[in-house]
Amino acid sequence: MALSDNLTANKNNSLAKQRSQLRQQYRAARRALPHYQQHAQAKQLSDLLQRCPEFIRAKSIASYLPNDGEIDPAIIHQVAWALGKRIYLPVPTKNKSLLFAPYTPQTPLVTGQWGIKQPRCAARIAKKISLDLILVPLVAFDNRGNRLGRGGGYYDRFLANAKCKHKGLKSLGLSHALQQVDKVPVESWDITLDAIATPRQIFRSA
């Protein structure tokens with residue numbers, strides 16, 4: 001192996017190790033939050049998003065159901081439905097990307113991959129929907145819009161192809177404040193989010 005190849009391999013291994021350590025640290029940190037604090041932060045985040053221009057303008061919103069200590073957007077869903085907005089939930093595809101299915105208070109759910117709830121009727125996935133806003137879960141983030149996910153790359157693959165399918169789509173990460181880091185170690189395939197919201201403030205990438 002050439003010296004340059006060796007240096008590249010060592011750099012890649014170091015980056016992968018940093019990302020793995022951050023995932024372990026911040027997944028454990030958010031899981032450790034007591035229930036009352038989780039609820040309080042979810043309420044604060046909802047209050048903040050109701051003043052967020054991207055949320056106000058959006059008619060069709062891709063969201064998620066929380067898992068592994070992720071901040072819960074349930075209150076945001078309630079607000080969106082009350083305002084006549086449409087909510088969609090992710091369903092993983094065979095090529096490790098995402099499709100989105102309609103979600104209402106009456107939607108029956110089943111447990112999908114990694115123990116995450118998703119709409120039961122996968123055959124009714126709305127492939128031709130036009131999304132205005134996607135709310136993205138994350139493990140860690142920095143104030144430049146860089147996001148560290150759980151490592152599957154599903155959201156990065158979706159976002160890499162979404163701009164041509166969903167004109168004007170805005171991406172907004174949702175996070176507990178404690179998940180902020182100085183700098184996320186990024187890979188070439190990572191997609192920078194338009195903004196990231198915590199219960200305290202919104203960080204915009206541009």
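## Nonpolar cores

A nonpolar core is a set of buried Ala, Val, Leu, Ile, Met, Phe, Trp, Tyr and Cys residues joined through side-chain atoms within 4.5 Å, where buried means under 20% relative accessible area with a 1.4 Å probe and protein chains only. In this predicted model, the largest such core holds 41 residues, and those touching the most other members are F100, I134, F158, L172 and L174. Helix α5, residues 154-165, gives the most to this core, with five residues. A second, separate core has seven residues, including Y26, A140, V181 and V184.

## Basis and confidence

Residues are numbered from 1 along each chain as its sequence is written. Local features need pLDDT of at least 70 and side-chain atom pairs count only at pLDDT 80 or more, while totals for chains, interfaces and linings use all residues, and side-chain values use heavy atoms, with hydrogens and water left out.

The pLDDT, the predictor's confidence in each residue from 0 to 100, averages 89 over the protein, and 88% of the residues score at least 70. Over residues 2-7, however, the pLDDT is below 50, and beyond near neighbours in sequence this stretch has one contact in the model, a contact being heavy atoms within 4.5 Å. Where pLDDT is low, the predicted coordinates should not be read in detail.

## Helix α4

Just after α4, G84 takes a positive phi of about 80 degrees.

Note on methods. Buried < 20%, exposed > 50% of the residue type's maximum accessible area, 1.4 Å probe, protein only. Helix = DSSP H or I, 4+ residues; strand = E, 2+ residues; numbered from the N terminus.
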